[in-house]
Amino acid sequence: MISIKNAKKTYRMGDEEIKALDDVTFDVKQGEFIAIIGPSGSGKSTLLHTIGGLDSLDNGSITVDGDDLAVLKDRDLARYRNKTVGFIFQNFNLQSRYTALDNVELGLIFAGMPKKERKEKARAALEKVGLADRVSHKPTELSGGQQQRVSIARAMVNSPKVILADEPTGNLDSKSGEKIIELLHDLQQKMNVTILVVTHDDRIAHKADRILRILDGKIVEDVTNGKKEAVKEYTD
Ligand SMILES: Nc1ncnc2c1ncn2[C@@H]1O[C@H](COP(=O)(O)OP(=O)(O)O)[C@@H](O)[C@H]1O
Ligand SMILES: [Mg+2]
């Protein structure tokens, strides 16, 4: 589903060069649930942003579901960001003036779908995350966990192939965080969606099929299933 080859991304701040991605290579199979761990500043968000087409590489390539991101034209890149991937952020990124339903529906406006169908799809997505009774609530009228469920509904409403989540439980208490993890796990199981989650949360790491540890822009550990006991010492 995802193939990343020799990905490099360097930021220049005055005289300083920061290698946010330093020759990163890995593949992801369809339906895999991957946890990306590593200390602050190690390049985790940069990795997700470049996979999501929000940012470009300096060198190397990223191919997702057959699309080589570097060669996509603006229009195709917009379609890619809207249809192929769904984003979930630590701070939810919801529109505060809109209801839960409107927030989820926003994801469909680019899809050029009639309004009635958009509403139905948005409502169904909110039902799936257990918020059927909160569709008319605005973000401030929802708990953090509920807001994150709205953003999961928004990410899922276009049936993306890949979900990219950047510390999705970072702003939640442990109980709400656990629900979010269960929900993501559920989506993976039921819809065979590919999930990449950046996390400091070892409960997420343990749910994952595979754990990638990143340090100074490099993948320094790539651990699959059975060896997950090793994870604890890597998370903080
Ligand atoms: N837009 C930017 N301009 C300059 N430096 C950046 C920018 N974005 C990220 N960086 C730097 O790149 C490195 C990796 O950042 P990031 O991917 O956000 O790390 P993480 O998500 O693991 O905390 C950090 O040193 C960060 O300061
Ligand atoms: Mg980050």
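1. Buried here means under 20% relative accessible area and exposed means over 50%, with partly exposed covering the values in between. By that scale Arg213 is partly exposed, because its relative accessible area is 22%, and Glu221, with which Arg213 forms a salt bridge, is likewise placed in the partly exposed class because its value is 26%. The closest N and O atoms of this pair are 3.5 Å apart. The model is a predicted one, and the points below should be read with that in mind.

2. The surroundings of this pair deserve a description of their own. Strand β9, residues 210-215, and strand β10, residues 218-224, pair in the antiparallel sense over six bridges, and within that pairing Val223 in β10 is the bridge partner of Ile211. The two strands form a hairpin with two residues between them, and Asp216, which sits in the turn, has a positive phi of about 50°.

3. Ligand 1 is surrounded by a set of residues that includes Tyr11, Met13, Ile18, Ala20 and Pro39, as well as Gly41, Lys44, Ser45 and Thr46. Taken alone, ligand 1 exposes 560 Å², of which the protein buries 64%. The elements that give two or more residues to the shell around ligand 1 are β1, β2 (16-28) and α1 (44-51), and α1 gives the most, with three residues.

4. Tyr11, Met13 and Ile18 also make a nonpolar surface patch of about 280 Å², and these three residues are among those that surround ligand 1. Tyr11 lies in strand β1, residues 2-13, and counts as partly exposed because its relative accessibility is 34%.

5. Val28, found in strand β2, counts as buried because its relative accessibility is 3%. Val28 and Thr99 are 71 residues apart in sequence, and their C-alpha atoms are 35 Å apart in space.

6. Side chains of opposite charge can pair when their charged atoms come close. The structure holds 17 salt bridges, and one of them joins Glu120 to Lys116, with the closest N and O atoms 3.5 Å apart. Glu120 is partly exposed, with a relative accessible area of 47%, whereas Lys116 is exposed, with a relative accessible area of 64%.

7. Another salt bridge is formed by Glu178 and Arg203, whose closest N and O atoms are 3.1 Å apart. This pair links distant parts of the chain, since Glu178 is in helix α6 (residues 174-191) and Arg203 is in helix α7 (residues 202-207), 25 residues apart. Glu178 counts as partly exposed at 40% relative accessibility, and Arg203 is partly exposed with a relative accessible area of 29%.

8. Salt bridges also occur as a network, in which Asp102, Glu105, Lys115, Arg118 and Lys119 are linked.

Technical notes
Residues are numbered from 1 along each chain as its sequence is written. Chains are lettered from A and ligands numbered from 1 in the order in which they are written. This is a predicted model: local features need pLDDT of at least 70, side-chain atom pairs count only at pLDDT 80 or more; totals for chains, interfaces and linings use all residues. Side-chain values use heavy atoms; hydrogens and water are left out. Two strands pair if DSSP finds at least two bridges between them. Helices (H or I, at least four residues) and strands (E, at least two) are DSSP runs, numbered from the N terminus. Patches are made of residues with over 30% relative accessible area and no salt bridge: like charges are joined within 9 Å, nonpolar side chains (Val, Leu, Ile, Met, Phe, Trp, Tyr) within 5 Å. Accessible areas come from the Shrake-Rupley method with a 1.4 Å probe; for residues, only the protein chains shown count as cover. A salt bridge is a side-chain nitrogen of Lys or Arg within 4 Å of a carboxyl oxygen of Asp or Glu. Buried means under 20% relative accessible area, exposed over 50%, partly exposed in between (1.4 Å probe, protein chains only). A residue is near a molecule or strand if one of its heavy atoms lies within 4 Å of it.
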